[in-house]
Protein chains: 2
Amino acid sequence: MPTCAIFAIGNELLTGSIIDTNSAFLGSLLTAQGFTISEIRLVPDQLETLVETIEQALGKYDFIICTGGLGPTFDDVTAAAVGRATKREISFYEQVYEHIVTRLQSKNVPIRDSHRRQAYLPDQAILFPNPMGTAYGFGVESESTLLIAVPGVPYEMKSMMEAHVAPFLTTRFSLQRRFMEELRFTALPESEVDDIIEQVTIPDSVECIINVSDGEIVVRLKSDDQNILQQFSQKLRTGLEQFFVGYNDETLAALLVNLLKRTKETIAVAESCTGGLLGQEITAVPGSSEVFLGGIIVYSNWAKTKLLQVPESIIDTVGPVSAECASALVKNLKSLFNSSAAISITGLAGPSGGTAEQPVGTVFIGLSYRDLCVVKHHSFSGDRQSIRQRSKKMALWQMITLIRESSAKESVKSEC
Amino acid sequence: MPTCAIFAIGNELLTGSIIDTNSAFLGSLLTAQGFTISEIRLVPDQLETLVETIEQALGKYDFIICTGGLGPTFDDVTAAAVGRATKREISFYEQVYEHIVTRLQSKNVPIRDSHRRQAYLPDQAILFPNPMGTAYGFGVESESTLLIAVPGVPYEMKSMMEAHVAPFLTTRFSLQRRFMEELRFTALPESEVDDIIEQVTIPDSVECIINVSDGEIVVRLKSDDQNILQQFSQKLRTGLEQFFVGYNDETLAALLVNLLKRTKETIAVAESCTGGLLGQEITAVPGSSEVFLGGIIVYSNWAKTKLLQVPESIIDTVGPVSAECASALVKNLKSLFNSSAAISITGLAGPSGGTAEQPVGTVFIGLSYRDLCVVKHHSFSGDRQSIRQRSKKMALWQMITLIRESSAKESVKSEC
């Protein structure tokens with residue numbers, strides 16, 4: 001299998017001003033294409049360091065991909081560094097400049113001298129058009145290594161990779177697609193997945209990666225043998241069926257949207273401590289408008305009592321973070337929207353506001369589907385951000401479970 | 001200045017199953033503490049590779065920090081790798097196991113054999129308690145390099161770094177805090193920042209990093225000389241005053257929340273294409289409950305017409321993505337919540353639904369503050385996620401601008 005190094009370029013990546021999301025995208029895409037990712041490195045915008053990093057990797061790996069440093073500003077040095085490392089001159093590409101001008105004009109951005117910079121690339125480069133921005137990508141071969149540079153702006157990089165670079169690589173390296181499968185689980189401790197995996201024993205030809213994040217567990221399997229992969233995947237799923245969410249891109253939100261699409265049903269949300277996080281997760285799924293009617297962000301007690309008619313007596317006695325409040329919210333939400341399903345979330349995300357009886361992390365989730373209604377009490381760990389993320393994921397999962405149980409005609413009892 | 005390497009450990013980071021956010025946090029924290037970050041590398045969960053990576057860095061850098069691979073599962077190899085690279089035995093630490101048992105019991109998680117694994121660490125290690133999880137951190141010295149391993153779960157790593165590791169490093173390396181300042185700008189093209197920076201000329205002792213992401217531009221300045229840093233920062237701000245958002249952690253949402261807190265005013269949101277993203281961004285700011293009353297996610301036309309009384313004639317003629325709809329939404333939202341400020345967002349985030357007259361990326365933002373009301377029309381670039389992010393940021397920025405203009409008593413005219 002051809003080897004690959006990924007270099008994400010930018011001082012801001014080393015000093016942590018921004019999070020590098022490009023390496024993950026490239027790692028995932030190139031792994032699926034059949035490359036072994038040997039190295040990922042974050043490299044500063046320093047010409048010398050970048051030249052040296054590229055020189056060390058030339059001849060060592062079959063393929064190097066650089067992302068970033070192709071912009072119009074003075075600290076963008078990728079083209080110059082590639083030129084130096086591969087001993088090529090830098091020249092002005094008329095075709096690239098025309099693209100830049102056309103693109104800027106369509107956005108009503110005045111053309112400046114600095115825009116010419118992006119048209120200077122190493123000689124005899126393979127050019128990759130940018131469907132969503134001004135910076136062209138380019139490729140050069142040196143010491144039997146192919147080096148390709150793509151922009152650092154994530155959506156420009158992604159569209160260029162998918163439209164131009166990935167197809168080019170498949171041909172250039174005669175790549176065999178590798179078989180991969182991700183299994184997504186939720187609502188169980190990490191150590192249980194491990195116990196199950198140890199019981200089923202992983203076949204030698206299967207690579208297995210477990211990743212846990214805010215209550216979601218993703219097991220990624222990789223193999224050149226499709227049959228062995230599928231058998232193992234099936235065993236794993238069977239062992240953990242009650243926690244199984246879906247495969248690959250079947251996120252909790254996408255799964256919920258698809259479940260409701262199948263029965264042409266609808267959903268609405270009422271969010272207190274998550275403040276819109278659940279709504280934005282559902283609406284991040286393209287096509288969610290078929291099932292998602294909308295929601296109420298009931299962040300204040302005023303919103304809870306006036307917009308969703310939570311009785312003031314509940315706020316005054318047990319308070320807004322209570323099973324009673326979650327129940328009133330979800331019931332009144334469902335009848336307001338006249339939806340098939342409804343979710344309410346009310347809780348304490350912190351950092352302040354916790355007490356001994358009701359610590360930060362206390363969250364009540366109200367769920368209603370058809371004529372069923374339940375309220376779940378949770379104690380989540382983590383900081384404000386993590387508690388909100390866990391609340392969102394758990395709410396999605398419990399809604400999915402309620403819908404599945406209901407359609408499996410198991411005995412589900414309404415509790416509120 | 002002492003040098004530092006950051007190794008983020010996990011196969012899932014190389015194959016892109018998850019995005020490495022820890023390196024950015026560590027890079028930012030350690031830079032501020034006075035380290036030069038010489039290298040960031042993502043390393044697989046392979047004992048041999050990790051041993052080799054650590055061996056190469058021992059003696060080369062003053063400090064190495066490893067994050068990840070301390071969990072209870074079979075692919076967690078950090079303790080073993082550190083032991084091997086520094087030629088230390090691995091031993092069972094009773095104190096660590098007691099912490100694990102206490103923590104699990106408090107969460108009602110049954111104790112399993114696999115939980116003992118996290119108590120095996122290299123001999124004679126400095127221990128760092130984990131305020132939010134089971135995995136202890138540890139430090140060892142070898143070849144005049146200090147190596148510290150911390151967990152990979154982001155909130156566990158962060159709380160351990162802040163509570164225990166950072167103070168330890170300050171003493172151990174007699175660190176001098178470096179002066180840093182971030183200036184946040186929005187709503188201007190990247191190339192303009194560059195032109196301004198070139199005009200003002202960066203002093204030699206100031207390091208300057210520019211980072212652009214979905215419509216927000218962050219300029220990070222770093223220097224050992226506080227006066228020179230502040231003078232340059234002031235020049236930069238003056239040159240771009242109309243686009244200046246704030247310093248350091250003053251994100252758009254935090255800035256808006258603080259502006260409203262000062263005058264004890266309130267805000268509500270009505271979101272269509274962003275589906276809750278704006279609400280969740282505002283409520284991510286701790287203490288936002290003082291000003292944020294809540295919102296309506298008007299994702300469907302039903303929600304627009306029934307919950308916020310957008311006239312059906314608007315939906316039928318100009319459609320839900322229109323200035324008229326944004327205007328009706330924001331006006332009716334403000335009177336429903338009786339808030340001082342209100343924001344509405346309606347647009348086409350794609351991927352489908354675009355036409356020649358109204359392409360994907362068309363977004364209308366309605367803004368109301370006191371007796372003012374304006375609607376802004378935008379054409380955003382990017383994919384669904386990016387268009388939603390840009391809409392959110394622009395809405396926050398335009399609200400901030402409206403409030404500032406209004407209190408500066410400039411002539412602001414209501415337009416809707």
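**View 1. Polar contacts across the interface of chain B and chain A in this predicted model.** Across this interface, 24 residue pairs are in polar contact, both residues at pLDDT 80 or more. Helix H7 of chain B, residues 190–200, gives the largest share of the side that touches chain A. That share is seven residues. By class, this side of chain B has 32 nonpolar, 28 polar and 23 charged residues. How many salt bridges link chain B and chain A? The count is zero.

**View 2. The extent of the interface between chain B and chain A.** The size of an interface is often given as the accessible area lost when the parts come together. Here the area buried between chain B and chain A is about 6,900 Å². Carbon and sulfur atoms give 58% of that area. In terms of residues, 83 of chain B are in contact with 83 of chain A.

**View 3. Strand E14 of chain A beside strand E14 of chain B.** Each strand spans residues 292–297. The two run antiparallel, and three bridges join them. Ile296(A) has Ile296(B) as its bridge partner in E14(B).

**View 4. The rotation axis that relates chain B to chain A.** Two copies of a chain are related by a rotation about an axis and a shift along it. For this pair, the turn is 180 degrees and the shift along the axis is 0.0 Å. Chain B is then laid on chain A with an RMSD of 0.1 Å. This is the relation of a two-fold axis. The same surface serves both copies, as 100% of the contact residues of chain B recur in chain A. Which residue of chain B comes closest to the rotation axis? Gly276(B) does, with its C-alpha at 1.9 Å.

How values were computed: Residues are numbered from 1 along each chain as its sequence is written. Chains are lettered from A and ligands numbered from 1 in the order in which they are written. This is a predicted model: local features need pLDDT of at least 70, side-chain atom pairs count only at pLDDT 80 or more; totals for chains, interfaces and linings use all residues. Side-chain values use heavy atoms; hydrogens and water are left out. Contact means heavy atoms within 4.5 Å. Buried area is the accessible area (1.4 Å probe) that two parts lose on being put together, summed over both. A salt bridge is a side-chain nitrogen of Lys or Arg within 4 Å of a carboxyl oxygen of Asp or Glu. A polar contact is a pair of N or O atoms within 3.5 Å; within protein, one must be able to donate a hydrogen and the other to accept it, and residues adjacent in sequence count only if both atoms are side-chain atoms. Helices (H or I, at least four residues) and strands (E, at least two) are DSSP runs, numbered from the N terminus. Ala, Val, Leu, Ile, Met, Phe, Trp, Tyr, Cys and Pro count as nonpolar, Asp, Glu, Lys and Arg as charged, and the others, Gly among them, as polar. Two strands pair if DSSP finds at least two bridges between them. Copies are superposed by least squares on the C-alpha atoms of residues with pLDDT of at least 70 in both.
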